[in-house]
Structure formats: C-alpha cells, structure tokens
Amino acid sequence: MPPATAAGAAPAPAAAPSRKSVTGTRRTVAALFLLPALVLLGALVVYPIGYSLVRSFYDQSGDGFAGFDNYQALFTDDGIRTALKNNVVWVVFAPTVATALGLVFAVLTERVRWGTAFKLVVFMPMAISMLAAGIIFRLVYDQDPDKGVANAVWVGVHDTFAEASAFPKAHPGRESPLQAAGGGAFVTREPVRTGEPVVLPLVGVAPDRMPGDARAAVAPRAEPGKITGTTWQDFTRGKGVGELNGVDGSELGYAGMRIEAVKDGRVVATTTAAGDGTFTLPAAADGALLRLPGDNFREAYNGLNWLGPSLVTPAIIGAYVWMWAGFAMVLIAAGLAGVPRELLEAARVDGANEWQVFRRVTVPLLAPVLAVVVVTLMINVLKIFDLVFIIAPGSSQDDANVLALELYRKGFAADQPGVASAIAVFLLLLVIPVMWFNIRRLRREVRR
C-alpha cells in the first residue's frame, strides 16, 4: 500500500507532455491548415501541368503515342516559329520600355506638387481589363483618321509639313482638251499660244470636297503677250444643265491647282490657279504644253497602317506599355522613397549634375526594384494573349502571333491538342529560368 498523503497536502503535479508529442501536434495542425491550399494547388496547378505533359506525347486523337513529334512541330511549324520570334520581341522590348517609362515617371514626378495626381492617371489603365484595353486600342489604331486617334494625330502632323491634295479624284471629262500624261498628271493635247485663252476642265470632285477658298469659276480673258486660262469643276447639278467644256456660273474653280508649261521636256513656267480657277503664264510658255502635275491629284495621306503586317506587333506592345507603365512606376516610386537622401545630396555637393546623380546614384540604388519589375513583366509577357487576340485583325493575326495565342489556335481552332499541350509545356520551360532567377534574388535579399 502506498503511504497515505498527509492531510491537506497538495496533489503532485501532472507530468509535462513530451517535446515529441508537442511537435507532432503542431505538425498535424499545420497540415490541417495547409490541406485546403494543397488540394487547390494540386487540382489547379499540379494536375493540369502533369496532364499537359502527358498529353503532349499523344497524337490528335489522344489514343496514339506520338513521341516527340509534337515538340518537333514547335520548330518546324511556320505559325509556331513566327509566334516564338514575336515572343522574343515581346520579352526584349515590352518589359524594357515599360520599366524605363516607369522609372522616368517616378523620378520626374517625385518633386512636383501634382505628382500624385499624375501617378494616379498613369496607374489608372491597370484598373482596365485586357479585354477592354484591347477594344480601346483596336479603335485607337483604326486606319480611318476620322475614327482612329493614332492616325488622326499622325495625319495632322504629316499635313502640317506636306499639304494634302484637294483634288484626289479629279480627271478629264468627255471631249476634254486634256489627256493623261503618266504619273497621275494630265497635259493639253495641243500647244498653247499667247493671247489665246485656255480652258482646263476637270470632273470627279464632290462639291463638299472642294477647297474652302474655291469661288465661282470665271471664263478666261485674252491678254496680249500672256497665256491666260481657267481650270474648274466642269459639272453642274441637274440633267442637261451646263455647257460641256464651258464655264458656267454655278461651277467652282480649282483654287490652288498648280499648272506647268512644258516645252521640249523642260518646265519653262509654272503658276497656281486663283480661287476662281483663273491663271496667267508669261510669254515664255508660248508653244508649250500645259501640264497639271500628278501632285495635284495624289490621294490624301491616310496615315499608317498600324495593324498591318509590319507594325502590328509594335502597336500591340504600345498598348501593353500603356497599361503596365503605371505598375512599374508605382513599384519604382516605392523603392525611390526608400533611397537615402543624404547620398543624393552628397553627390550634388561633390559637383554631380542631375543626370549624373540619376545615372550613377539613383539607378544603382534602385537596381533591386528594377530587377523585380523587369522579371515580373517578363513572366507576364511570356503568356500575353488577350491584347494580341483582340487588337490584331484577322488579316494580320498571323504576323502578330505569340505562343499563348498559338496554343489557343492549335487547341481549339485547329483541333491539335497534342501540339497545344507541347506549346504549354514549352511555355512553362521558358518561365522556369525567370522564376528561378527571381527566387534566387529574393533569397539573397532575405540574407542581407
């Protein structure tokens, strides 16, 4: 029998749980908390990757083993090779330009009073979905200057330095004294003589397209020792109204039309028609042929074909930079706020100008932040799809093709799931080195 406990004595304390049991309990609790995340990760990431890897070795039907034929197609199929080339262009230029703009915006807006408002405006496109941004830029890049903002600006700048023709559709009518001379020009059938008025009738310009300074045409009057004439729109509304090759009161002169006198292949005189279409040439033009140069009739400049085969990829990259420059700016501005001001001021005291401070002090101190931005954007552009699919029209989508779009086209449009799976695996392999670099850099930052 154990000895009796003294009356009123406290009971002996219970034995403390072992360290092994505590560790096991904690691991069990941690596993229970991680289980939902692990299930989702397995279902949404690991399983699709594994299935795509297995599927990439099967043929189109999914029953026959194709080996590495699908991977061979990555380097032999013209569409995939174009997509791979465009992805290289995207990876090189899009992150670089977006990061550079973000750096410039962050530095320049740091000292201005309205910098916060400017940053808000620049960052605002990030709130827009890729679908909406693609629709916006499909309209921005429209070929018609009356619809597309890009061409409206471009045409406005072009026409400031090279005035467009007001008569792109003008041409001689029936029984005209003019005939085609090549290069879009027209020339008189017979030489002209001083003292004999000349008529140069044309048709084909809509009344609402006539120059604003055009006035009612006036019939030419003879002047001794000079060649006088009129060039005008020989058209009067109404059936049977007006005299053919004759100036009528309701017809307008071709204001600004340039006329050249050509003799023996040389231009001996030139003039420009007045608002009423009348013009005068000196006696040197006697015996010459009058020519209306092709510049009078060239088509109005319609801007650049932004979504054509040669410019579609740079145009879409421009839309991407518009969206993501704000992202780069915000991250870089956050890093810039942590830069010691003493270092910047010390550099200025030592005689460095602002450019030298920026290049030799600010940029090196921001190198870790810039690396984060560039790597993040590189991963993002490797899987770019939405903008290319929406902005590029069907006629140039092959030229703007990227790997993610080609994956979609092969898997859904061409019904080649094996090739599509191979593209998906190839994209994963392209992303892994970038992610590995990013992880190593983050670990170095933690050790510091």
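Aspartate 264 sits in the loop between strand 5 and strand 6. Strands here are DSSP runs of E with at least two residues, helices are runs of H or I with at least four, and both are numbered from the N terminus. The model is predicted, so local features need pLDDT of at least 70 and side-chain atom pairs count only at pLDDT 80 or more, while totals for chains, interfaces and linings use all residues. Residues are numbered from 1 along each chain as its sequence is written, and side-chain values use heavy atoms, with hydrogens and water left out.

Aspartate 264 is not a glycine, yet its phi is positive, at about 55°. Its relative accessible area is 74%, so it is exposed. Exposed means over 50% relative accessible area, buried means under 20%, and partly exposed lies in between, with a 1.4 Å probe and protein chains only. The strands on either side of the turn, strand 5 and strand 6, form a hairpin with two residues between them. They pair in the antiparallel sense over six bridges. Two strands count as paired if DSSP finds at least two bridges between them. Within this pair, alanine 261 stands opposite alanine 269 in strand 6.

Five strands form an open sheet, in the order 1-2-8-5-6, with antiparallel pairing. Strand 1 (178–182) and strand 6 (266–272) stand at the edges with a single partner strand each, so one side of each has no neighbour in the sheet. From one strand to the next, the twist averages 30°.

Walk across from strand 1. Four bridges join strand 1 to strand 2, and the two run antiparallel. Leucine 178 stands opposite threonine 188 in strand 2. The hairpin of these two strands has two residues between them, and glycine 183 takes a positive phi near 70° there. Strand 2 (residues 185–188) then pairs with strand 8 (residues 289–292) in the antiparallel sense, over two bridges. Valine 187 has arginine 291 as its bridge partner in strand 8. For phenylalanine 186, the bridge partner in strand 8 is leucine 292. Which way do the side chains of strand 2 point? Ala185 and Val187 point one way, Phe186 and Thr188 point the other way, and all are buried. The next step is from strand 8 to strand 5: three bridges join them, and they run antiparallel. Here valine 262 has leucine 289 as its bridge partner in strand 8.

Another loop deserves a look. Asparagine 245 lies between strand 4 (227–233) and strand 5 (258–263). Asparagine 245 has a positive phi of about 60°, although it is not a glycine.

Next come the helices. Two packed helices are described by the angle between their axes and the distance between the axes. Axes are lines fitted to C-alpha atoms, for helices over the stretch in contact, and angles run from 0 to 180 degrees between N-to-C directions. Helix 3 (residues 78–108) and helix 12 (residues 403–413) pack at about 155°, with axes 8 Å apart. That makes helix 3 roughly antiparallel to helix 12, a label for angles over 145 degrees; under 35 is roughly parallel, 65 to 115 roughly perpendicular and the rest oblique. Gly79, Ile80, Ala83, Leu84 and Asn87 of helix 3 make the contact with Leu403, Glu406 and Lys410 of helix 12. Contact means heavy atoms within 4.5 Å.

Helix 3 also meets helix 2 (residues 69–76), at an angle of about 65° and with axes 6 Å apart. Ala73, Leu74, Phe75 and Thr76 of helix 2 touch Asp78, Ile80 and Arg81 of helix 3.

Last, look inside. A nonpolar core is a set of buried Ala, Val, Leu, Ile, Met, Phe, Trp, Tyr and Cys residues joined through side-chain atoms within 4.5 Å. The largest one has 49 residues, and those touching the most other members include Trp90, Tyr141 and Leu387. Helix 7 (312–337) is one of the helices that each supply at least two residues of this core. Helix 7 gives the largest share, 16 residues. Apart from this core lies another, of 26 residues, among them Leu178, Val198, Ile259 and Ala269.

Threonine 313 belongs to helix 7 as well. Its relative accessible area is 8%, so threonine 313 is buried. Leaving aside neighbours within four places in sequence, threonine 313 is in contact with Asn86, Val89, Trp90, Asp399 and Ala400.
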